[in-house]
Amino acid sequence: MYQPTHFAETRSEVLHAFITAHPLGTLITLNAGGELQANPIPFVIDALPPGHGVLRGHVARANPVWRETQLDVPALVVFQGPQSYISPSWYPSKSATGKVVPTWNYVVVQARGRLRAIDDVAWLRAFVERLTRRFESPRAVPWHVSDAPADYIDSMLRAIVGIEIELSALVGKWKVSQNRSAADRAGVAAGLSDLAERSGDAQAAAMAEWVASMRGE
């Protein structure tokens with residue numbers, strides 16, 4: 001990933017928090033036939049000092065990714081956050097110099113490491129229960145794995161395989177107008193907020209918050 005210094009984010013705690021908030025990653029692997037495969041998978045990340053951490057997830061047993069991935073080639077997982085088109089008309093500097101062009105803001109994290117398949121029912125049960133607690137906890141009446149018949153859960157666990165990736169690299173790119181002046185950043189935040197209000201664009205609303213929170217270089 002092209003990574004200008006002013007857009008780089010390398011703090012593990014910040015990157016882990018981002019993945020926790022945006023858990024659906026695109027797992028990109030190379031199969032035995034030399035073909036790239038891309039699979040969207042919800043992940044959880046655990047810190048593993050002194051490394052970058054470990055990603056854990058699961059896939060359907062019928063998905064060949066756990067059997068056919070070339071294990072000597074690191075897997076890549078991409079986590080995508082807010083993104084939005086940025087109009088040069090939002091920059092106050094446009095009226096001063098005219099030297100502005102459109103761009104695209106986005107927030108992304110890329111994680112790399114060796115993929116390991118885990119075909120173990122006890123591991124899978126514990127992981128599924130953990131994943132369920134993570135996403136059901138905000139609900140007034142959370143669903144629990146134990147709410148389903150035990151034999152049904154057993155059959156579902158036999159239909160999946162765990163995925164674990166110990167990370168060798170973890171990097172983020174926050175392209176959120178921090179290379180612009182304070183006035184231009186304020187203009188971008190205002191423009192995105194107006195777009196969100198007029199069109200209901202949730203991505204623009206989220207990006208407006210990111211831009212407003214940034215400090216310049």
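Modeller: Rings of Phe, Tyr and Trp (its six-membered ring) pair if their centres lie within 6.5 Å; planes under 30 degrees apart count as stacked, over 60 as edge-to-face and the rest as tilted.

Biologist: How many aromatic pairs does the structure hold?

Modeller: The structure holds six aromatic pairs. Helices (H or I, at least four residues) and strands (E, at least two) are DSSP runs, numbered from the N terminus. Tryptophan 174 and tryptophan 210 form another edge-to-face aromatic pair, 5.4 Å centre to centre and with 90° between the planes. Tryptophan 174 lies in strand β8 (residues 160–175) and tryptophan 210 in helix α7 (residues 202–213), so that pair ties together parts 36 residues apart in sequence. Phe18, Trp174 and Trp210 form one aromatic cluster.

Biologist: On what kind of model do these values rest?

Modeller: This is a predicted model, in which local features need pLDDT of at least 70 and side-chain atom pairs count only at pLDDT 80 or more, while totals for chains, interfaces and linings use all residues. Residues are numbered from 1 along each chain as its sequence is written, and side-chain values use heavy atoms, with hydrogens and water left out.

Biologist: Is phenylalanine 43 buried or exposed?

Modeller: Buried means under 20% relative accessible area, exposed over 50%, and partly exposed in between (1.4 Å probe, protein chains only). Phenylalanine 43 has a relative accessible area of 2% and is therefore buried. Phenylalanine 79, at 0%, is buried, as is tryptophan 174, at 7%. Of the 217 residues of the protein, 40% count as buried.

Biologist: With which residues is phenylalanine 43 in contact, leaving aside its neighbours within four places in sequence?

Modeller: Contact means heavy atoms within 4.5 Å. On that basis, the residues in contact with phenylalanine 43 include Pro23, Leu27, Leu55, Val77, Phe79 and Ile163. The C-alpha atoms of phenylalanine 43 and phenylalanine 79 are separated by 9.7 Å. Across the protein, among contacts between residues at least 6 apart in sequence, 75% join residues at least 24 apart.

Biologist: Which residue has its charged end over the ring of tyrosine 91?

Modeller: A charge sits over a ring if NZ of Lys or CZ of Arg is within 6 Å of the ring centre and within 35 degrees of the ring normal. Here the charged end of arginine 180 sits over the ring of tyrosine 91, 4.1 Å from its centre.

Biologist: Where in the backbone is a peptide bond cis?

Modeller: The bond from proline 49 to proline 50 is cis, with omega near 5°, and proline 50 is found in the loop between β4 and β5 (54–60). Another backbone feature is at serine 177, a residue other than glycine, where phi is positive, near 70°. Serine 177 lies in the loop between β8 and α6 (182–199) and counts as buried at 2% relative accessibility.

Biologist: How many helices and strands are there in the protein?

Modeller: There are seven helices and eight strands. The C-alpha trace spans about 70 × 45 × 30 Å along its principal axes.
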